[in-house]
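Please open the structure in your viewer and keep the selection panel at hand. The tour below goes from one selection to the next and says what is found at each stop.

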Amino acid sequence: MEKTITFVTNQYSCDRIIQAAKVVADETDTDLVVVGILDSEYELDPEVIDYLFKLSKKNKATMRLLFSEDKTNVMADAISHFDCKNIVTGMPKDNNSVLYKLWKMFSTRNFYTVDEAGEITEVAGTKIYTI
């Protein structure tokens, strides 16, 4: 079955991303996979990880934890290896965000962003066609 993948970090506020990804997964009839990327950007907090794991389980998602400083590579690898149809993330922080690279690398996939209020927006223009 095709998958909806969401990427989260070690923060309580990522709960909105998991919940939004569940909406996308339900709407597109896909399985939900939560990928937690842990690195030195945020201090490792076992309580947060447990909270996100329980939330993933409650939303019938599998959750994988990956430890890496190279977010681009980890995210690209996950998107490539799963039968991935949709990718749900938070909003890009700035113009150097890894998300812009991923949108170009995987232009045939459906990307969605979730803002701080929990609003889901499909990323426009991710599909690139050659004439």
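**Stop one: the largest pocket**

The largest pocket holds about 700 Å³ of space, where a pocket is, on a 1 Å grid over the protein atoms alone, an open set of points where a 1.4 Å probe fits, with protein on both sides within 12 Å along at least five of seven lines, and lining residues have an atom within 4 Å of a point. Its volume is the space filled by probe spheres set on the points, which are joined across faces, edges and corners. Select T9, Y42, K71, M91 and K93, which are the closest to the centre of this pocket among the 28 residues that line it. Then colour β1, α1, α3 (71-81), β4 (84-90) and α4 (98-105), each of which supplies at least two residues of the lining; these helices (H or I, at least four residues) and strands (E, at least two) are DSSP runs, numbered from the N terminus.

Before going on, note that this is a predicted model, in which local features need pLDDT of at least 70 and side-chain atom pairs count only at pLDDT 80 or more, while totals for chains, interfaces and linings use all residues. Residues are numbered from 1 along each chain as its sequence is written, and side-chain values use heavy atoms, with hydrogens and water left out.

**Stop two: helix α3**

Select α3, in which V74, M75, A76, A78 and I79 are buried, buried meaning under 20% relative accessible area and exposed over 50%, with partly exposed in between (1.4 Å probe, protein chains only). The cover over these buried residues includes β1, β2, β3, β4, α4 and β5 (110-114). Now centre on M75, which lies in helix α3 and counts as buried because its relative accessible area is 5%. Leaving aside neighbours within four places in sequence, M75 is in contact (heavy atoms within 4.5 Å) with F7, I37, T89, V98, L99 and L102.

**Stop three: helix α2**

Move to α2, residues 46-58, whose 13 residues reach 18 Å from the first C-alpha to the last, close to the 18 Å expected at 1.5 Å a residue; the expected span is 1.5 Å times one less than the number of residues. Select V48, I49, L52, L55 and S56, which are buried. Looking down the axis of α2, you will find that its buried residues fall within an arc of 130 degrees, so they line one face of the helix, the arc being that of the directions from the helix axis to the C-beta atoms. What covers them includes β1 (3-8), α1 (15-28), β2 (31-38) and β3 (62-67). On the face turned away from the buried side, select the exposed residues P46, E47, K54, K57 and K58. At the N-terminal end, D45 caps α2, with a side-chain oxygen 3.0 Å from the backbone nitrogen of E47.

Select N59, in the loop between α2 and β3, which counts as buried because its relative accessibility is 14%. A polar atom of the N59 side chain lies 2.9 Å from the backbone oxygen of L55, and, leaving aside neighbours within four places in sequence, N59 is in contact with I18, K22 and L32. Just after α2, K60 takes a positive phi of about 55 degrees. Finish at A61, found in the loop between α2 and β3, where it touches L32, V34 and S56, not counting residues up to four places away in sequence. A61 and I5 are 56 residues apart in sequence and 9.6 Å apart in space, C-alpha to C-alpha.

Definitions and conventions. Polar contact = N/O pair within 3.5 Å; in protein donor to acceptor, adjacent residues only side chain to side chain.
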